[in-house]
Amino acid sequence: LFIRPLSLTVRLYGNMFAGEQVTLVFMSLTKLVVPVIFMGLHVFVAFLQAYIFTLLTMIYVASATSHEH
């Protein structure tokens, strides 16, 4: 039961790291317009990933603490 939140944390870290790397590559290749688009996309993905992480953590905690009758 403790592995689930840990795996979610690793997945969230991997997604955020990959998003930063993509943004840095496009910033080094282009000037102004394209990096702004990718930075906006990166912020959207960051919020989406945080929402999914929170939702799945709540589901895992609820299933771990539920009482079966």
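M58 is found in helix α2, which covers residues 33–65; helices here are DSSP runs of H or I with at least four residues, and strands are runs of E with at least two. This is a predicted model, where local features need pLDDT of at least 70, side-chain atom pairs count only at pLDDT 80 or more, and totals for chains, interfaces and linings use all residues. Residues are numbered from 1 along each chain as its sequence is written, and side-chain values use heavy atoms, leaving out hydrogens and water.

M58 is exposed, with a relative accessible area of 51% (exposed means over 50%, buried under 20%, partly exposed in between, with a 1.4 Å probe and protein chains only).

Now step back to the whole protein. There are two helices and zero strands. The radius of gyration is 17 Å, well over the 11 Å that the globule rule gives for 69 residues, so the protein is more spread out than a compact globule; the radius is taken over C-alpha atoms, and the rule is 2.2 Å times the number of residues to the power 0.38. Of the 69 residues, 10% count as buried.

Finally, look at helix α1 (residues 3–29), where Y13 and F17 lie four residues apart, about one turn of the helix. Their ring centres are 6.0 Å apart and their planes are at 20°, so the pair is stacked (centres within 6.5 Å make a pair; planes under 30 degrees apart count as stacked, over 60 as edge-to-face, and the rest as tilted). Y13 counts as exposed at 58% relative accessibility, while F17 is partly exposed at 44%.
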